[in-house]
Amino acid sequence: MPDRIIPFLFRTRGHKQLHLTDFLMYFYLTLGTILMFGPVVWGFVSSFKTQAELEKYPPSFLPYANKTIEIAGYDRPLSMYTVKLDDGSVAELAQVRRVGIEAQFADPTNPDELIKVHVDQTEPLRSLTLQWENYILPLQRFEFFTFFKNSIIVTILATLITLFVNSLAAFALSKYEFKGRDLIFLLTICTLMIPTTVTLVPNFLIITKLGWVNSLVGVIIPAVASPTSVFLLRQYMLTLPNELLEAARLDGASEWRIYWQIVIPLSAPAIAVLAIFSVNWRWNDFLWPLIVLTHTEKFTIPIGLHLFQGDYQIEWQYLLAMSVLALLPITLIFAFLQKYITTGIASTGVKM
Amino acid sequence: MSEISVQPQIRRQTQKTVRLLTIPLTGLYALLMNAIGLMMDFIQKRIGIRKMAYIFVLPNMLLFATFSILPILGNFYYAFTGGTKVLPENRYFAGAANFEFIMQCNNYLDPSSCRADLFWRGLYNTVSYVIFSVGGILLFALITAIVLNQPIKGRGFFRGVFFYPTLLSSVVVALLWKWILQREGLLNAGLTGLGLEPVNFLLSAEWSKFWVVFIGVWSNVGFYTLIILAGLQAIPATFYEAAKIDGASSWASFRYLTLPLLKPSLIVVFVLSFIRCVQVFDHVFVMTGGGPGTATQYIVQYIYNTGFSSDPPNLGVAAAASLILGLIILVLTLIQLRVTGSGEETDYA
């Protein structure tokens, strides 16, 4: 099999008409697109459905809901149905009640008269409706507003501190000769290889000692000094010409001034890549916040989502809506900076 | 007519807004930096230019020592002490008891004969997870990278498509898939539509194991694809032209040209995905919680359950287990690097 497919895949392109390989490739890419985007799209459209609609099986793709109507004399909105009447005509009526296989309908234009129809003759009248309540209710009634606020605080602060601390260290490691520099760099590289899981237990103790359990500081600080970031920034800063720094020194600039007015602006591409990684990583971080945070008012959005799922009978309508909100910022960042991100990763090999 | 004149206007408007937003931010930044600068310049006058480097690495090193190096050492302390207390002074020395607890087995291949049966179940589950996930990632990342390396229309778009899931939170990923896989979910609706029996995917041990691997590959393959793609693009086109002139078939040039030159990238993917897959936790924990039963309980969840979510927590055993995990990762990574011989440089300039 491979000896038949592979030549197709590797044949030089450039001929005018479509080749079988092109079909195979576009088939793979189409399938891939459906598979990669599908779950998110499905979650997105589902998040606008009513609870009744979510429980419907088999599901419909778009968020339909039963059309309802307010009729004077009834304390709740009535569902609309298309009803085939005895005389063969079809009418849109509101269902008042259903008893067994018989249902009673009221005509919205003439509400006093009730019509009895066999349920076989009726079909619910459905229309496209977006259930914005799915988004509003969890933010108001449950604590999702707090979760989002916490996540935003953690993401922004952690990213700023990460950029500051690591760029400063990378500056020193790339632009100065000093005793112990190689040792520091070696240590940094070594810890790149050590899995985070290994340090969970003692890190929890350190957090406890510092009194940071159940605080956002405890989530932010421990992972701020990241070897990956130092490595990435150092490699970039090495490419900046030292003559530039020398010239600045001759002009009387202090070392600090060289750092923030020359090196940082020139390292903007690397810093931007790192900022995106950091935002993404902090926004999605799960295991460490799960250990540090113990009270709902401190939860970040992933922890909130996870526990909301466990606390109640799964209320999918809220859970899906909040999941969509959680992936929205990352999706927007990606939509605008896609090229930057993918090329940045390909050239640095950094994983958030 | 109006379309032409409106667009630059909008652009100018946005530029103006962006500038208005950035002016206070850059101002704040400059203010902050100048303030720190006062202190830094004072220090520089005292210690001189050369020693400023120490000041610059200091914050990073302090944090690094506290939250990376100290914990690595601390792990040994926990692993060799017992008790239910978190604070080190309240713990008693336990010798190798925590390790003995984990290693006490009548038959290492049968987890139910072990005292720490959940550790061993987790370990074996992790082994099978790693084999299938790393295999799946290598296979699909390679195929996708090869396809994306062709001169096709919309290459940037498709590259983004495959990369997008890697950016999503594993919790959201788990919830989205749980929603699709549930008994009355989209997938079962599709199966019934095809006249097949619906399956309760997350209540079946075999299916859960499959989907956990599937979703792990789904959400990570894009990242590894980019690494392989970068490797492919680094191979000079002249090599292929030369091979073609020599009469090499496409399969031959893939087998004897692409694969060997791609080896460094493939090794990077192999090692990185291995290290990450061994530590699988997030999406599984949210989606199956380790279930049904212990079918998808992996080693990190064992550490989490033992150390943090059981009552009373047993930090000693958790630390011992994480040391064993760290050792396994270290040894296997070294073996991988040795076997794949990544020491010898492949150089093609």
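Predicted model: local features only at pLDDT ≥ 70, side-chain atom pairs only at ≥ 80, totals over all residues.
Me: What share of the 349 residues of chain B count as buried?
Reply: A residue is buried if 20 or more other C-beta atoms lie within 10 Å of its own. Of the 349 residues of chain B, the share that counts as buried is 37%.

Me: Why is H6(B) largely enclosed by the rest of the structure?
Reply: Helix H6 of chain B runs over residues 170-181 and reaches 16 Å from its first C-alpha to its last, close to the 16 Å expected. Its buried residues include B:Trp177, B:Lys178 and B:Trp179. H6(B) is largely enclosed because its buried residues number 12 of the 12.

Me: Which residues have the most contacts inside the largest nonpolar core?
Reply: The largest nonpolar core has 153 residues. One of the residues asked for, B:Leu175, is also among the buried residues of H6(B). Those with the most contacts inside the core are A:Ala169, B:Leu175, B:Ile228 and B:Ala321.

Me: Which residues is A:Ala169 in contact with, leaving aside its neighbours within four places in sequence?
Reply: Contact here requires C-beta atoms within 7 Å. In chain A, the partner is A:Val230. From chain B come B:Phe56, B:Val57 and B:Asn60.

Me: Which helix of chain A gives the most to the side that touches chain B?
Reply: The contact takes 81 residues from chain A and 89 residues from chain B. The side of chain A divides into 54 nonpolar, 20 polar and seven charged residues. With 14 residues, the helix that gives the most to this side is H15 (residues 316-348).

Me: How many residues of domain 1 of chain A are in contact with domain 3 of chain A?
Reply: Domain 1 of chain A covers 2-46 and domain 3 covers 135-348. Their centres, taken over C-alpha atoms, are separated by 35 Å. The side of domain 1 that touches domain 3 has two nonpolar, two polar and no charged residues. The number of domain 1 residues in contact with domain 3 is four.

Methods. Residues numbered from 1 in each chain as written. Chains lettered and ligands numbered in written order. Contact = placed C-beta atoms within 7 Å. Helix = DSSP H or I, 4+ residues; strand = E, 2+ residues; numbered from the N terminus. Nonpolar A, V, L, I, M, F, W, Y, C, P; charged D, E, K, R; others polar. Expected span 1.5 Å × (residues − 1). Core = buried A, V, L, I, M, F, W, Y, C linked by C-beta atoms within 7 Å. Domains from an automatic or database assignment.
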